[in-house]
Amino acid sequence: MRIIIYTGKGGVGKTSMAAATASKIARDGKKVLVMSTDQAHSLGDSFDRKVGKEPVEITKNLYAVEIDTVYESEKSWGNLKDYVRQLLTARGGGGIEAEELLVFPGLEELFSMFQILDVYESGVYDTLIVDCAPTGETLSLLKYPERLSGFIRKILPIERTATRTVGKVIEKTMKVPMPKDNVFDDIETLMERMKSLQKLLLDQEVVSLRVVTTPEKIVISEAKRNFTCLYLYHYNVDAVIVNHIYPAKAMEGYFNKWTRIQEEALQEIEESFSEVPRFYVELQQRELRTLEMLEGVGEEIFKEQNPNEVLFQQKIYEVNIEEKSLRIYLPFADKEELRLEQEKNELLVGVRNENRRFPIPPEFSGMEAAGAKFEEGYLKIRFV
């Protein structure tokens, strides 16, 4: 099975590109499900069909679903959420503040992503296309499997076995409610699903992420940051889709000055993503909706290329024993914004407000990072 995830800045046309790709693959004979995990769903609008939280058949081989994020959130951590609420209100008396503290940015999107795991494990479809939330939310959910596990360990004051023996005593003396068995059940299920989801998303033979951008400086800059952060978390970006390209004929007259601006933007995309397959989509004469239009655009984007294949793979992490160095692929990272720290057997690499821990190879045990420099998109770190 293949999983293809579309991401990018809001308004660049992720939903349309995901739907067009799904239509193309379905016409080629694969059974395809296209799924929207964005809370502001527009997948149904793209197909001009009503789409809900259960898969609906659009045409032969093609199905669509819009995930109900609130429902998935309650299903995934309802009991744990109730327990956290009890902890927060045990002495404070409750109120709106406790409810606000239980709203974690990106958490509902993460629970929606569990549907990817469910679809993959069901084996019903050949291909799953995912229309993700805008860039910020996407990056949040990629960080959550690590961060939420740490949060859960901190808020739980006691293990399941100990709860049964000394739980009542602690409740009386500390005035802190003890978690019930269903809370522990939820935690175990949640942790296992997060591990399975992360393992699946990191499988580059199965999962590809595709960044959608438009030929505008601000959007391209975000696409670069998105690209870097995705590689920082070891996810494989195998294509860049450039949407909303104005045809030359449309740029005549009043819009003539925009010709040079668009050409410069397209040149920046060409130079920035030179190694990655790039696909270009001209602005359509009509609003991009209905199955017929999406099928036409899908054919236009990929032409002879098979969009169901893994289009590109980049080696992210390389170890050179002889040189006592390792290289981490971080395209577009600015050395002025880079942070590098060593904590025992881990390297902490920060790019802007994104942080990632990398294990130091056992061959370099006892050594320290002595310097770092950029080489062809890689951060090369030496050890002594």
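Helices (H or I, at least four residues) and strands (E, at least two) are DSSP runs, numbered from the N terminus. The model is predicted, with local features requiring pLDDT of at least 70 and side-chain atom pairs counted only at pLDDT 80 or more, while totals for chains, interfaces and linings use all residues. Residues are numbered from 1 along each chain as its sequence is written, and side-chain values use heavy atoms, with hydrogens and water left out.

Arginine 327 lies in strand β10 (residues 325–329). Leaving aside residues up to four places away in sequence, arginine 327 is in contact (heavy atoms within 4.5 Å) with Ile316, Tyr317, Glu318, Glu375, Tyr378, Leu379 and Lys380. The C-alpha atoms of arginine 327 and leucine 379 are 5.4 Å apart, although 52 residues separate the two in sequence.

Strands were taken to pair where DSSP finds at least two bridges between them. Six bridges connect β12 (residues 346–351) with β13 in the antiparallel sense, and leucine 348 has arginine 357 of β13 as its bridge partner.

Strands β3 (residues 56–59) and β4 (residues 62–66) run antiparallel and are joined by three bridges. Valine 56 is placed opposite alanine 64 of β4. The hairpin of β3 and β4 has two residues between the strands, and asparagine 61 there adopts a positive phi near 75°.

Pockets were defined on a 1 Å grid over the protein atoms alone, as open sets of points where a 1.4 Å probe fits, with protein on both sides within 12 Å along at least five of seven lines; lining residues have an atom within 4 Å of a point. Grid points are joined across faces, edges and corners, and a volume is the space filled by probe spheres set on the points. The largest pocket has a volume of about 420 Å³. It is lined by 26 residues, of which Gly13, Thr15, Ser16, Ser46 and Leu288 are the closest to its centre. Two or more lining residues come from each of α1 (14–27), α2 (43–47), β7 (237–245) and β8 (278–282), and α1 provides the largest share, four residues.
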